[in-house]
Amino acid sequence: MTKTSKPKTKLAAWMKDNGITDADLAEMVGTSREQINRVRNGVSSPSWGLAAKLKAATRGVITADDFLPDAAA
């Protein structure tokens with residue numbers, strides 16, 4: 001039996017559902033793969049500018065509100 005873990009963030013879930021890698025999304029929004037990895041794993045929050053780019057790249061599925069502390073609860 002293979003154990004599958006639940007994505008840590010809404011961004012991680014969206015990326016998994018759409019087959020998007022950190023490198024793919026980084027290229028789409030003009031940042032580093034490492035920064036996407038930190039945001040995807042909830043280690044850091046994106047800047048307002050990056051949050052806007054993520055919203056555009058995900059066609060509004062991911063918004064700045066998704067990175068607020070209460071959004072994860």
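Predicted model: local features only at pLDDT ≥ 70, side-chain atom pairs only at ≥ 80, totals over all residues.
Three salt bridges are counted in the model. In one of them, the side chains of K10 and D66 come together with an N to O distance of 3.5 Å; because K10 belongs to helix α1 (residues 10-18) whereas D66 falls in the segment after α4 (48-57), this pair ties together parts that are 56 residues apart in sequence. Both partners are partly exposed, K10 with a relative accessible area of 42% and D66 with a relative accessible area of 23%.

A salt bridge is also formed between the side chains of R40 and D22, for which the N to O distance is 2.7 Å. This pair likewise links distant parts of the chain, since R40 is in helix α3 and D22 is in helix α2 (residues 22-29), 18 residues apart. D22 has a relative accessible area of 11% and is therefore classed as buried, the limit being under 20%. The side chains of E34 and R33 meet in a further salt bridge, at 3.2 Å from N to O; here E34 is partly exposed, with a relative accessible area of 39%, and R33 is partly exposed as well, at 40%.

Helix α3 (residues 33-40) also contains Q35, a residue that is buried, with a relative accessible area of 15%. When neighbours within four places in sequence are left aside, Q35 is found in contact with S44, S45 and L50.

Definitions and conventions
Residues numbered from 1 in each chain as written. Heavy atoms only, no water. Helix = DSSP H or I, 4+ residues; strand = E, 2+ residues; numbered from the N terminus. Buried < 20%, exposed > 50% of the residue type's maximum accessible area, 1.4 Å probe, protein only. Contact = heavy atoms within 4.5 Å. Salt bridge = Lys/Arg side-chain N within 4 Å of Asp/Glu carboxyl O.
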